[in-house]
Amino acid sequence: MTLDIFYYGIKLMVRGTYTKGEPQTYDYEGSSDKFEIEGVSFNGSDITELLEAFNVDVNVLEQTIIDEVRTWD
């Protein structure tokens, strides 16, 4: 899946895999939604390698994407 998101006011194109979580049942605690980033582009340039160098919290970026995808339901 590829989508455009605004991360701290900057438009990024993020490519990755979204997995919807499983609901809780009587004998299973369930699981949360997940998004695994495969690549990030800015203005057509791949900046995936720069995320760590600029201290980008990938967990926050992934949660931002999950929150966006949840609005599609």
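This is a guided tour of the structure above, with something to select at each stop.

**Before you start**

The model is predicted, so to speak plainly about its limits: local features need pLDDT of at least 70, side-chain atom pairs count only at pLDDT 80 or more, and totals for chains, interfaces and linings use all residues. Residues are numbered from 1 along each chain as its sequence is written, and side-chain values use heavy atoms, with hydrogens and water left out.

**Stop 1: the sheet**

Switch to a cartoon view and select the strands. Helices (H or I, at least four residues) and strands (E, at least two) are DSSP runs, numbered from the N terminus.

- Select S1 (2–7) and S2 (10–19): they are antiparallel and share 6 bridges. Ile5 faces Leu12 of S2 here.
- Move on to S2 and S3 (34–42): 7 bridges join these antiparallel strands. Show Gly16 with its bridge partner Ile37 in S3, then Met13 with its partner Ser41.
- Finish with S3 and S4, which are antiparallel and joined by 2 bridges. Phe42 stands opposite Ser45 of S4.

**Stop 2: two hairpin turns**

Zoom in on the turn from S1 to S2, a hairpin with 2 residues between the strands. Select Tyr8 in that loop. Tyr8 has a positive phi of about 50° although it is not a glycine.

The S3–S4 hairpin also has 2 residues between its strands. Pick Asn43, which sits in this loop. Asn43 too is a non-glycine residue with a positive phi of about 50°. With a relative accessibility of 69%, Asn43 counts as exposed (buried means under 20% relative accessible area, exposed over 50% and partly exposed in between, using a 1.4 Å probe and protein chains only).

**Stop 3: an aromatic pair**

How many aromatic pairs does a search of the whole structure find? It finds 1. The ring centres of Tyr7 and Tyr8 lie 4.7 Å apart and the planes meet at 80°, so this pair is edge-to-face. For reference, rings of Phe, Tyr and Trp (its six-membered ring) pair if their centres lie within 6.5 Å; planes under 30 degrees apart count as stacked, over 60 as edge-to-face and the rest as tilted.

Are these two tyrosines buried or exposed? Tyr7 is buried at 11% relative accessibility, whereas Tyr8 is exposed at 69%.

Colour the rest of S1 while you are here. Its covered face carries Leu3, Ile5 and Tyr7, and its uncovered face Thr2, Asp4 and Phe6.

**Stop 4: the nonpolar core**

Next, select Leu12, Val14, Phe35, Val40, Leu61 and Ile65, the residues with the most contacts inside the largest nonpolar core, which has 14 residues. Such a core is a set of buried Ala, Val, Leu, Ile, Met, Phe, Trp, Tyr and Cys residues joined through side-chain atoms within 4.5 Å. S1, S2, S3 and helix H2 (58–70) each give two or more residues to this core. The largest share, 4 residues, comes from H2.

Centre the view on Phe35. Leaving aside neighbours within four places in sequence, Phe35 is in contact (heavy atoms within 4.5 Å) with residues including Met1, Leu3, Val14, Tyr18, Glu62, Ile65 and Ile66.

**Stop 5: the largest pocket**

Select Tyr7, Tyr8, Ile10, Leu12, Phe42, Ile47, Leu50, Leu51, Phe54 and Val56 to see the lining of the largest pocket. S2 and helix H1 (50–53) each give two or more residues to this lining.

**Stop 6: the loop between the helices**

Last, select Asn55, in the loop between H1 and H2. Asn55 is exposed, at 69% relative accessibility.

Note on methods. Pairing = 2+ DSSP bridges. 1 Å grid on protein atoms, 1.4 Å probe; cavity = no way out; pocket = protein on both sides within 12 Å on 5 of 7 lines; lining within 4 Å.
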